[in-house]
Amino acid sequence: QVQLVESGGGLVQPGGSLRLSCAASGSKFSINAMGWYRQAPGKQRELVAAILSGGNTDYADSVKGRFTISRDNAKNTVYLQMNSLIPEDTAVYYCNAILRLGVPERAYRYWGQGTQVTVSS
């Protein structure tokens, strides 16, 4: 079994910053990719940022220049530094990981439980 445990959400004023963390633990695995999605009320879940095993990153256009995704391989942890937050960033943020595990080895997608980010004055 694999678990993704998120932390770091909360309430912040416009222009403020938050840092989200997501740690993967459990069975022995290798990481293909980790990232963050978000879902605002009444909207579809969307990709915010992702980081691949080789270190390449991808960002939604709406967060480029404001958010930075990074990874600590030793801790199997991915971070999302969010700066210059705006009310439109308000959503539940979900950690996502594509991990390889098992015998024979296969890739599986896992989700965290979600953490609320609210940007409001």
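Author: Ser84 counts as partly exposed, at 40% relative accessibility; the class lies between buried (under 20% relative accessible area) and exposed (over 50%), with a 1.4 Å probe and protein chains only. The model is predicted, so local features need pLDDT of at least 70, side-chain atom pairs count only at pLDDT 80 or more, and totals for chains, interfaces and linings use all residues. Residues are numbered from 1 along each chain as its sequence is written, and side-chain values use heavy atoms, without hydrogens and water.

Reader: Where does Ser84 lie?

Author: Ser84 sits in the loop between S8 and S9; strands are DSSP runs of E, at least two residues, numbered from the N terminus. Its phi is positive, about 50°, although Ser84 is not a glycine.

Reader: What is the phi of Asn76?

Author: Phi of Asn76 is near 50°, again positive in a residue other than glycine. Asn76 belongs to the loop between strand S7 (67–72) and strand S8 (77–82), and with a relative accessible area of 25% Asn76 is partly exposed.

Reader: How many disulfides are there?

Author: A disulfide is a covalent bond between the sulfur atoms of two cysteines. The criterion is a pair of cysteine sulfur atoms within 2.5 Å, and the count is one. Cys22 and Cys95 form it, with sulfur atoms 2.0 Å apart. The pair links distant parts of the chain, Cys22 in strand S3 (residues 18–26) and Cys95 in strand S9 (residues 91–101), 73 residues apart.

Reader: Which hand does the link of Cys22 and Cys95 have?

Author: The link is left-handed, with -80° about the S-S bond. Cys22 and Cys95 are both buried.

Reader: Which residues does a cis peptide bond join?

Author: Val103 and Pro104, with omega about -5°. Pro104 is in the loop between S9 and strand S10 (106–111).

Terms used. Helix = DSSP H or I, 4+ residues; strand = E, 2+ residues; numbered from the N terminus.
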